[in-house]
Amino acid sequence: MIAGDLLALLVALPLLAAVVPLFLAPQSPRTARALTTLVLAGQVGLAAAVAWVAATDGPITYVVGGIPAAFGIGLFADRLTAAMVLLVALGGLGAFVADRSARDGPYLSLWLLLVAGLTGVVVTADVFNLYVFLEISGLAAYALVAHARGADAALAALKYLLVGTVGATLYLLGVGYAFVATGTLAMADLAPALAAAGHDSTLVVAAFGLMAVGLGVKLALFPLHAWKPDAYASAPPAVAAALAALGSTVAAYALLRVTYGVFTPAFFEAVPMVRTLLLAVAAVSVVAGGVLALREPDVRRLLAYSSVSQFGLVGLGIGLASPTALTGALLALVGHAVAKGGLFVSAGAIAREFGARTVGEYAGLARRSPAHGAAVAAMAVSLVGLPPTVGFAAKWYLALGAVEAGSWAVAAVVVLSTLLSLAYAGRLVERLYLGEGGSDPTRGPADPPTVATDGGRGDRWALAVVLVAAALVVALGLASTALADWFAPVVEGWL
Amino acid sequence: MTELPFALDGWFAHAAYALLVGIGLFVLVDDENLVKKVVGLNIFQTGVFLFFITSAYRVDGRAPLVVGEGPFVNPLPHVLILTAIVVGVSVTAVALTLVVRLYDEYGTLREDVIRELRAEARREVAAAEATEGSS
């Protein structure tokens with residue numbers, strides 16, 4: 001039972017700890033901050049322990065409060081869950097230490113709530129509980145986006161809130177339809193109950209449609225993506241990094257869980273139309289996200305549009321429903337999270353240090369900060385999908401899966417995505433290395449108030465996080481076969 | 001078999017839920033007033049909540065207390081929606097806080113006016129940079 005307790009602690013630790021900084025920070029901001037960092041580090045340790053147990057003893061289940069899963073809430077962790085939990089913990093810690101400018105109580109508490117909510121979405125085995133955690137992480141995210149100074153952030157956060165809540169409520173409506181069809185909410189019981197209710201019944205199809213659209217909003221698939229660039233561009237840099245790395249990633253994980261753990265591939269076979277629609281939306285996202293990124297001068301908005309394109313790729317993998325394509329989708333999910341998180345941390349640090357926010361202002365920055373330049377280049381290469389990065393492995397598996405399934409259109413979209421991302425990421429890297437002058441060295445940081453407090457120390461941390469992310473992107477790329485093997489039991493279990 | 005009360009009759013309850021969801025979404029998308037957008041969001045959510053509640057109803061069902069004879073209404077959707085209402089209240093609170101902040105900044109609740117003010121501010125910054133560059 002120790003393993004199950006670990007799983008419960010994974011959610012309980014940040015959730016309960018979130019209360020403390022709110023009250024501690026007014027007395028002692030330094031202690032509150034240190035405590036938050038400690039909790040986030042502890043979360044990484046817990047996640048690693050869960051991953052270890054899931055790898056050695058197989059999937060972990062836990063029933064909260066001893067109430068049977070049909071009425072109560074279950075938690076579940078297999079190898080995929082463990083990997084995601086570890087990703088959330090590392091992303092939460094990495095983005096947090098990278099930016100030391102904000103340190104008031106609410107910010108720290110919200111940060112822990114965000115991590116608790118995201119972890120909850122990943123480990124829950126109950127579709128309604130998933131909604132609650134989705135909203136906990138959502139609320140924390142809205143408030144964190146609004147934490148940046150100025151009215152831009154408030155407007156972006158409000159837009160994010162309105163769209164995000166509609167998405168979550170549509171998901172809830174889908175849960176309602178599934179509940180009416182089956183009378184249960186536990187993922188493990190839903191799978192056979194939905195099959196018994198008939199996968200092609202209107203109720204079940206509506207349930208999937210609503211849940212998928214609801215999660216699609218959180219994934220920011222085109223045309224439900226409009227909240228993303230605004231929110232990421234006006235959020236505090238650390239928040240943008242955490243959300244870019246984890247927010248949509250966790251929603252995509254939830255979509256995978258719902259699709260394969262609850263509705264199962266038999267649903268796709270019963271209603272091929274749903275699969276076609278999913279593939280179409282994902283393909284349009286890939287292309288539209290790429291084209292929008294291509295036209296965007298602001299670096300953070302460019303990166304947000306690139307996410308729209310990347311999550312389209314994940315959607316393609318989900319829609320193809322073959323082991324190879326699903327492995328590709330999972331690699332794309334992990335690779336995008338690491339690369340995009342690192343790129344946003346870097347964008348934040350570069351904005352603080354050089355005041356550069358647009359692609360034009362990035363001109364020649366690699367000469368002034370070679371470490372940032374190299375790291376950004378490595379992560380951009382992963383977005384494009386060139387070896388030896390994890391992005392290459394993801395696209396390779398996806399393209400292979402599409403060819404195996406005989407979906408030439410999907411294979412063409414994957415190749416097209418490489419060309420599009422080569423164009424927008426290449427533009428960024430080209431400016432970075434070959435651009436002349438550009439950013440005026442005398443101009444200094446654009447908004448000094450956000451740096452001030454501890455001079456260069458915060459940016460050394462940011463640089464460290466960026467370098468670790470870049471190293472991870474390459475290391476995961478080199479170890480992509482091992483990563484695929486790690487996911488293999490989960491993927492085989494689904495199909 | 002007892003007649004269903006009109007308010008919970010199958011088609012009526014579903015028509016009411018669909019209407020509330022539709023009205024809520026329409027107000028949320030169409031209205032320029034930010035407070036009304038939040039109100040629209042609330043109506044939309046309420047529609048979904050009521051859908052859950054109607055799913056719990058059964059003819060002659062009683063409150064599901066352990067004492068007494070059945071049949072009972074299904075308590076599970078009630079519990080779920082209690083949670084969802086709490087979530088909805090929190091969302092509304094955060095949304096209204098943001099609206100207050102926007103009102104402090106722009107002195108208006110209308111999104112189109114805020115958009116215009118922002119566009120104007122951007123133009124002024126661009127003009128200031130242009131004169132700075134030429135001087």
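Is Ala321(A) buried or exposed? With 21 C-beta neighbours inside 10 Å, Ala321(A) counts as buried (20 or more other C-beta atoms within 10 Å means buried, 12 or fewer exposed, in between partly exposed, with C-beta atoms placed from the backbone). Before moving on, the ground rules: this is a predicted model, where local features need pLDDT of at least 70, side-chain atom pairs count only at pLDDT 80 or more, and totals for chains, interfaces and linings use all residues. Residues are numbered from 1 along each chain as its sequence is written, while chains are lettered from A and ligands numbered from 1 in the order in which they are written.

Stay on Ala321(A) and check its backbone: phi is positive, about 55 degrees, although this is not a glycine. Ala321(A) sits in the loop between helix H13 (299-320) and helix H14 (323-354) of chain A (helices are DSSP runs of H or I, at least four residues, numbered from the N terminus). Now jump to Thr264(A), another non-glycine with positive phi, about 60 degrees. Thr264(A) lies in helix H11 of chain A and is partly exposed, with 19 other C-beta atoms within 10 Å.

Next, the cis peptides. Select Phe222(A) and Pro223(A): their bond is cis, omega about 5 degrees, and Pro223(A) is in the loop between helix H9 (202-219) and helix H10 (227-234) of chain A. Then try Pro387(A) to Pro388(A), also cis with omega near 5 degrees; Pro388(A) is in the loop between helix H16 (370-384) and helix H17 (390-404) of chain A.

Now show helix H1 (residues 2-17) and helix H5 (residues 105-123) of chain A, which pack at about 160 degrees with axes 7 Å apart (axes are lines fitted to C-alpha atoms over the stretch in contact, and angles run from 0 to 180 degrees between N-to-C directions). H1(A) and H5(A) are therefore roughly antiparallel (an angle over 145 degrees). On the H1(A) side look for residues including Leu7(A) and Leu10(A); on the H5(A) side, Leu112(A) and Val115(A) are among them.

Last stop: Met379(A). Leaving aside neighbours within four places in sequence, Met379(A) is in contact with Ala339(A), Gly342(A), Leu343(A), Ala469(A), Ala470(A) and Val473(A) (contact means C-beta atoms, placed from the backbone, within 7 Å).

Methods: Helices (H or I, at least four residues) and strands (E, at least two) are DSSP runs, numbered from the N terminus. Angles under 35 degrees count as roughly parallel, over 145 as roughly antiparallel, 65 to 115 as roughly perpendicular and the rest as oblique. Two residues are in contact if their C-beta atoms, placed from the backbone, lie within 7 Å.
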